[in-house]
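Please examine the sequence and the model below.

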Amino acid sequence: MDVHEAVRSRRAVRRFSERQVPRETLERVLSSAAWTPSASNLQPWRAYVVTGGPLAEMKRRAGERLASGEPWDEAEYEQYPPALKSPYRERRSAFGEQRYGALGIPREDIEARQRAASANWQCFGAPAALFCYIDRHMGPAQWSDVGMYLQSVMLLLRAEGLHSCPQMAWAKYHRSVSEVLSPSGELILFCGMSIGFEDATETVTRTDRAPLDETVTFVDGH
């Protein structure tokens, strides 16, 4: 698979099969992802790959908290600006309409939307997950380095025939994740990432992208 195909075929898969992901495949992916660029080669990411019993325990803890109505953990970073301006507000709204519309869930059915969102904390059935942390003393430039690292991971997974779903949702239950992983107190959980083989019965939907002229300006002599 060439890099263009990997980029275009990568999407957030939200239904995985039970087929296990070989440890050696994950090691190969992460060994290559380690070559992701970072400013001054800080490599500010700290990844935990979780499978089997520990992942099942993490899902159990999050599921129990969700079922009990326990509030989310105090946020350690702001996931979205409190007031999104145009065109970002419209893009986010369009995503929600497309995502839940594909599931047959109307805008007004808040309960059904919440049920669908709860699958985040079961990793959509994926048998493997990656939890990506960053040192809390790092700044915006290092957060962008982490984003590049995660993109490298997702594209390399595609090259292996695997799919993924990056999930900031796990940051809402960062205490439950920490109870299983015991990370250093210097680290902030940025996101989780479900990893596995796509369930062939999943209905494939792709969210739209803005036209090129909305996000790119070519400056040349022509």
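In this predicted model, a search of the whole structure finds zero disulfides. Cys165 takes part in none, for the nearest cysteine sulfur, that of Cys123, is 9.1 Å away. A disulfide would require the two sulfur atoms to be within 2.5 Å. With a relative accessible area of 3%, Cys191 is buried, because the term applies to values under 20%.

Four strands form an open sheet in the order 1-2-4-3, and their pairing is antiparallel. Strand 1 and strand 3 (163–167) stand at the edges; each has a single partner strand, so one side of each is left without a neighbour in the sheet. From one strand to the next, the twist averages 25 degrees. Strand 2 and strand 4 run antiparallel and are joined by eight bridges. Within this part of the sheet, Tyr133 stands opposite Leu189 in strand 4.

In soluble globular proteins, nonpolar side chains tend to be buried together. The largest nonpolar core here has 24 residues, of which Cys132, Leu150, Val153, Leu157 and Met193 touch the most other members. Two or more residues are given to this core by each of helix 2 (23–33), strand 2 (128–135), helix 6 (140–159) and strand 4 (187–196). Helix 6 supplies the largest share, six residues. Leu150 illustrates the packing: not counting residues up to four places away in sequence, Leu150 touches Leu130, Cys132, Phe190, Cys191 and Met193. A second, separate core of 22 residues includes Val50, Phe124, Ala126 and Phe131.

Val50 is found in strand 1 (residues 45–51). Is Val50 buried or exposed? Its relative accessible area is 4%, which means that Val50 is buried. Leaving aside neighbours within four places in sequence, Val50 is in contact with Leu55, Met58, Pro127, Ala128, Ala129, Phe131 and Leu181. Val50 and Ser176 are 126 residues apart in sequence, while their C-alpha atoms are 14 Å apart in space.

Ser176 and Leu181 lead on to helix 7. In helix 7 (residues 174–181), the residues His174, Ser176, Val177 and Leu181 are buried. Why do the buried residues of helix 7 line one face of the helix? Seen down the helix axis, they fall within an arc of 160 degrees, so they line one face. As background, an α-helix has 3.6 residues a turn, so residues three or four places apart point the same way. The buried residues of helix 7 pack against strand 1, helix 3 (52–68), strand 2 and strand 4. Helix 7 lies across strand 1, strand 2 and strand 4, running at about 100 degrees to strand 2. Just after helix 7, Ser182 takes a positive phi of about 50 degrees.

Notes
Residues numbered from 1 in each chain as written. Predicted model: local features only at pLDDT ≥ 70, side-chain atom pairs only at ≥ 80, totals over all residues. Heavy atoms only, no water. Buried < 20%, exposed > 50% of the residue type's maximum accessible area, 1.4 Å probe, protein only. Contact = heavy atoms within 4.5 Å. Core = buried A, V, L, I, M, F, W, Y, C linked by side-chain atoms within 4.5 Å. Arc of directions from axis to C-beta. Pairing = 2+ DSSP bridges. Axes fitted to C-alpha atoms, helices over the stretch in contact; angles between N-to-C directions.
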